Amino acid sequence: MEKSTTPAKTAGENTRTGLTESVADILERQLEVVIQEWLARVEKEPELTAIPLNYQERTGHLPLLLHDVIRRLRMDEASKAPISEAAAHHGDLRSSQGYTVAMAVEESRLLQVSIFLTLHRSESRLDFKAILPAVVTIADEVDAQLKQQMLRFMSADATKATEAAKAAKAARAA
C-alpha cells in the first residue's frame with residue numbers, strides 16, 4: 001500500500017527532497033511530535049482540563065493508539081483491521097477518570113487533527129499519491145478506536161445502572 005523510504009528516482013518520488021517516506025514511517029518517526037501537538041491542543045480545552053491529570057495519565061495511551069494507526073497503515077488493503085485493544089482500555093480508563101462521551105470524542109478529534117498537521121508539516125517527504133488513501137485509513141482507524149472507547153463507556157454506564165438498581169431494590173427491601 002505505501003512505499004518505504006527509497007533513494008532517488010522512483011515513480012512518485014518527491015523531487016523537492018530526493019526521497020519519499022511512507023505516512024506510517026513519518027508517524028512512527030514523529031510519534032512524540034504528534035503527542036506534543038495533541039497535548040497542546042487538549043490543554044486549550046477547558047472541558048478536558050477540568051479533569052486534573054498528570055502527563056502520563058493524560059498522554060500514556062497515545063503511543064499504543066498511534067502504533068495501532070501505524071500498524072493499520074502498513075496492512076495490506078484486503079486485510080481486516082484488528083480491533084484496537086488499546087482503545088478499549090483507554091475507554092475504560094477515561095470512564096473511570098470521569099470523562100464524558102463528549103470529552104472522549106473531542107480527544108479523538110484532536111488526535112486526528114494532530115496527526116494530519118504532523119503529516120502536513122512533512123509534506124515535502126510524502127509521496128502525494130499515497131496521502132489520500134492514508135488519510136482515509138487514519139480517519140477510519142481513529143474512528144474505529146473511538147467506537148471501541150464508546151462501547152466501553154456504554155458498558156460502564158450499564159454496569160453502574162445495574163448496580164444502582166440493585167442498591168435501590170435492596171434499600172426498598174430493608
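This is a predicted model: local features need pLDDT of at least 70, side-chain atom pairs count only at pLDDT 80 or more; totals for chains, interfaces and linings use all residues.
How are α5 and α6 oriented to each other, roughly parallel or roughly antiparallel? Residues are numbered from 1 along each chain as its sequence is written, and side-chain values use heavy atoms, with hydrogens and water left out.

Okay, the overall layout. The chain has eight helices and zero strands; helices here are DSSP runs of H or I with at least four residues, strands are runs of E with at least two, and numbering goes from the N terminus. Of the 174 residues, 40% count as buried, where buried means under 20% relative accessible area, exposed means over 50%, and partly exposed is in between, using a 1.4 Å probe and protein chains only. Take contacts between residues at least 6 apart in sequence: 73% of them join residues at least 24 apart. A contact is heavy atoms within 4.5 Å.

Back to the opening question. The axes of α5 and α6 (residues 85-96) come within 9 Å and cross at roughly 150 degrees, so these two helices are roughly antiparallel. L64, L65 and D68 of α5 make the contact with A86, A87 and H90 of α6. Axes, by the way, are lines fitted to C-alpha atoms, for helices over the stretch in contact, with angles from 0 to 180 degrees between N-to-C directions. Under 35 degrees counts as roughly parallel, over 145 as roughly antiparallel, 65 to 115 as roughly perpendicular, and the rest as oblique.

With α5, the angle is about 125 degrees and the axes are 11 Å apart, which makes α2 oblique to α5. On the α2 side of that contact sit L31, V34, I35 and W38, and on the α5 side L62, P63, L66, H67 and I70.

With α7, the α2 axis comes within 9 Å and crosses at roughly 130 degrees, so that pair is oblique too. From α2, V33, V34, E37, W38, R41 and V42 take part, meeting a set of α7 residues including L110, S114, I115 and T118.

What about α7 itself? This helix covers residues 101-121 and reaches 31 Å from its first C-alpha to its last, close to the 30 Å expected at 1.5 Å a residue; the expected span is 1.5 Å times one less than the number of residues. Among its buried residues are M103, L111, I115 and L119.

Two of those turn up again in the largest nonpolar core. Of its 32 residues, V23, L27, L66, L73, I115, L119 and I138 touch the most other members. α1, α2, α5, α7 and α8 each supply at least two residues of this core. The term means a set of buried Ala, Val, Leu, Ile, Met, Phe, Trp, Tyr and Cys residues joined through side-chain atoms within 4.5 Å. And which residues does I115 touch, leaving out those up to four places away in sequence? They are L27, V34, L66, I138 and V142.

Last stop, L19, in the segment before α1. L19 counts as partly exposed because its relative accessibility is 23%. L19 and R125 are 106 residues apart in sequence, yet 6.6 Å apart in space, C-alpha to C-alpha.
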